[in-house]
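Please look over the sequence and the structure shown below before reading the briefing that follows.

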Number of protein chains: 2
Amino acid sequence: MTREHARWKEHALVELSSAGHRQGRARLAIIELLAAQSCAVTALDIEAELRGGEHRVGLATVYRTLELLAELKLVGRLDTGQGIARYEPLLPSGEHHHHLVCDRCGRVIPFDDADLEATMERLARRVRFEVAEHDVVLRGACGSCRSEARPGRKAH
Amino acid sequence: MTREHARWKEHALVELSSAGHRQGRARLAIIELLAAQSCAVTALDIEAELRGGEHRVGLATVYRTLELLAELKLVGRLDTGQGIARYEPLLPSGEHHHHLVCDRCGRVIPFDDADLEATMERLARRVRFEVAEHDVVLRGACGSCRSEARPGRKAH
DNA sequence: TTGTTTGCAAACCTTTTGCACGTTA
DNA sequence: TAACGTGCAAAAGGTTTGCAAACAA
């Protein structure tokens, strides 16, 4: 867990309680797990990961917690076009990345680009729309899949 | 239907048959309906629209046709983060737009930006990834929703 | 103690699949 | 006529909701 992520965990717990929410066992586990991620994960990923822990966490609780954290702007929700939502911590610094999605293996790879961010800022000022956030998804073939002949579908 | 869209319909029918597919009743109706759209629609939108016509078109057929058209690069699939896929014609010129999604009313508004396209091209060359396409979604409040008084959450 | 949070099961909604019938080339 | 396309019904995911028990404050 990077320094930024450790900070996110503290930030999340503070925001949660100042918004009048309690710090239940499942919420804490989910926040800790999110803090350890470097990129977006699915609700199912979280549930599976937590299943190995001491207490089982219901999938419904995972979804409810993610919804709450998204409302508080503590996590971002990302649709990579696979029909499955992915979630990741929103760092308080506003620092963020975007995603490359491999059409073949389903892998989701983060990237960032200062030029892109500058362009998005100019764009946000130009449109007749109050832009709160932006998502950029590049779709194609990742390094491994590009070099392979015809790999089967892996992730789902 | 704009000139561009009329051209898309012809293009789609030609591509369809040169790929060895037949021109069934449902396919034709779906292609005509898509040609008349100026922005992305959902499968349910299409089914509902077609229900008013002479023959009912099954929802399964709508999905199968959209999948086929997407394979042939005739339509693009777009995930606006609402858990519902949207589809729109891909113009043969390669000309395309991106989307503003209103968090409040759910409206999806198209926009384009040459600067953004140039940035995306540079980006595609920079990453270790074979980029086939890109999607940009701006989320926030549209003009109408922004002007409505909406007491509640304070902006972050 | 009291209202919130949680896990389970069932409901929901979008999308996919199986299959028999219709249609196209 | 032989495939291919279509509609219906059912299945398959992912996500949401109802509810009683467990829990935080």
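In this predicted model, the side chain of A:Arg64 has an N or O atom that lies 2.8 Å from a base oxygen of DNA strand C.

**Contacts with DNA strand C**

- Whereas A:Arg64 approaches a base oxygen, A:Arg27 has a polar side-chain atom placed 2.5 Å from a phosphate oxygen of DNA strand C.
- The backbone can take part as well as the side chains: in B:Ala85, a backbone N or O atom is found 2.8 Å from a phosphate oxygen of DNA strand C.
- Looking at the atoms of DNA strand C that lie within 4 Å of the protein, 67% are part of sugar or phosphate, while the rest belong to bases.

**The protein surface around DNA strand C**

- DNA strand C is surrounded by 22 residues, and the closest of these are A:Arg22, A:Arg27, A:Arg56, B:Arg22 and B:Tyr63.
- When the residues of this surface are sorted by class, nine are nonpolar, eight are charged and five are polar.
- At least two residues of the surface come from each of three helices, namely H2 (25–35) and H4 (59–71) of chain A and H4 (59–71) of chain B.
- The element that gives the most to this surface is H4(B), which supplies four residues.

**Where helix H5 of chain A packs against helix H5 of chain B**

- Two packed helices are described by the angle between their axes and by the distance between those axes.
- Helix H5 of chain A and helix H5 of chain B, each covering residues 114–126, pack at an angle of about 170°, and their axes are 10 Å apart.
- Because an angle over 145 degrees counts as roughly antiparallel, H5(A) and H5(B) are described as roughly antiparallel to each other.
- On the side of H5(A), the residues that meet H5(B) include A:Leu116, A:Met120 and A:Leu123, and those of H5(B) include B:Leu116, B:Met120 and B:Leu123.
- The residues of this contact between H5(A) and H5(B) comprise six nonpolar, four charged and two polar ones.

**The build of chain A**

- Chain A contains six helices and six strands, and from the N terminus on its elements follow the order α-α-β-α-α-β-β-β-β-α-β-α.
- Taken along the principal axes, the C-alpha atoms of chain A fill a box of roughly 45 × 40 × 30 Å.
- Chain A has 156 residues, of which 43% count as buried.
- Considering the contacts in chain A between residues at least 6 apart in sequence, 56% join residues that are at least 24 apart.

Definitions and conventions
Residues are numbered from 1 along each chain as its sequence is written. Chains are lettered from A and ligands numbered from 1 in the order in which they are written. This is a predicted model: local features need pLDDT of at least 70, side-chain atom pairs count only at pLDDT 80 or more; totals for chains, interfaces and linings use all residues. Side-chain values use heavy atoms; hydrogens and water are left out. A residue is near a molecule or strand if one of its heavy atoms lies within 4 Å of it. A polar contact is a pair of N or O atoms within 3.5 Å; within protein, one must be able to donate a hydrogen and the other to accept it, and residues adjacent in sequence count only if both atoms are side-chain atoms. Ala, Val, Leu, Ile, Met, Phe, Trp, Tyr, Cys and Pro count as nonpolar, Asp, Glu, Lys and Arg as charged, and the others, Gly among them, as polar. Axes are lines fitted to C-alpha atoms, for helices over the stretch in contact, and angles run from 0 to 180 degrees between N-to-C directions. Angles under 35 degrees count as roughly parallel, over 145 as roughly antiparallel, 65 to 115 as roughly perpendicular and the rest as oblique. Contact means heavy atoms within 4.5 Å. Buried means under 20% relative accessible area, exposed over 50%, partly exposed in between (1.4 Å probe, protein chains only).
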